[in-house]
Amino acid sequence: MDIESLKPVIKGQIVQYLNLLDVNPEDIKDDEPLFGGDLGLDSIDSLELVVLLEREYGIKINNPAEGRKILVDVNHMAEYILAHTKTA
């Protein structure tokens, strides 16, 4: 899978895992900040995104500083997933 086909998948997973009832995956911009932006995500949501990465891609994030670098936006998440998995 390439990065452009992975991004819509990630957006759908974000909506699903975080139960964002008022957000459609296609409404999330690739470079839109996940935290502090229009999505209004909080620290509980960041934990859910860490769970998403582990369940869907086998990526464990144990260091909060690493998580902050990955969970910036959809672009960062997609790049990290592609760099750290063989099945993405």
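Analyst: Ala, Val, Leu, Ile, Met, Phe, Trp, Tyr, Cys and Pro count here as nonpolar, Asp, Glu, Lys and Arg as charged, and the others, Gly among them, as polar. The model is predicted, with local features requiring pLDDT of at least 70 and side-chain atom pairs pLDDT 80 or more, while totals for chains, interfaces and linings use all residues. Residues are numbered from 1 along each chain as its sequence is written, and side-chain values use heavy atoms, leaving out hydrogens and water.

User: How do the residues lining the largest pocket divide into nonpolar, polar and charged?

Analyst: Five are nonpolar, four polar and one charged. The lining consists of Ser46, Leu47, Val50, Ile61, Asn62, Asn63, Pro64, Gly67, Arg68 and Leu71. Two or more of these residues come from each of α2 and α3. Helices are DSSP runs of H or I with at least four residues, numbered from the N terminus.

User: What makes a residue part of that lining?

Analyst: It has an atom within 4 Å of a pocket point; a pocket is an open set of points on a 1 Å grid over the protein atoms alone, where a 1.4 Å probe fits, with protein on both sides within 12 Å along at least five of seven lines.

User: Why does asparagine 19 count as exposed?

Analyst: Its relative accessibility is 54%, and exposed means over 50% relative accessible area (buried is under 20%, partly exposed in between; 1.4 Å probe, protein chains only), so the label applies. Asparagine 19 is in the loop between α1 and α2.

User: What is phi of asparagine 19?

Analyst: Phi is near 55°, a positive value in a residue other than glycine. Most residues other than glycine have a negative phi.
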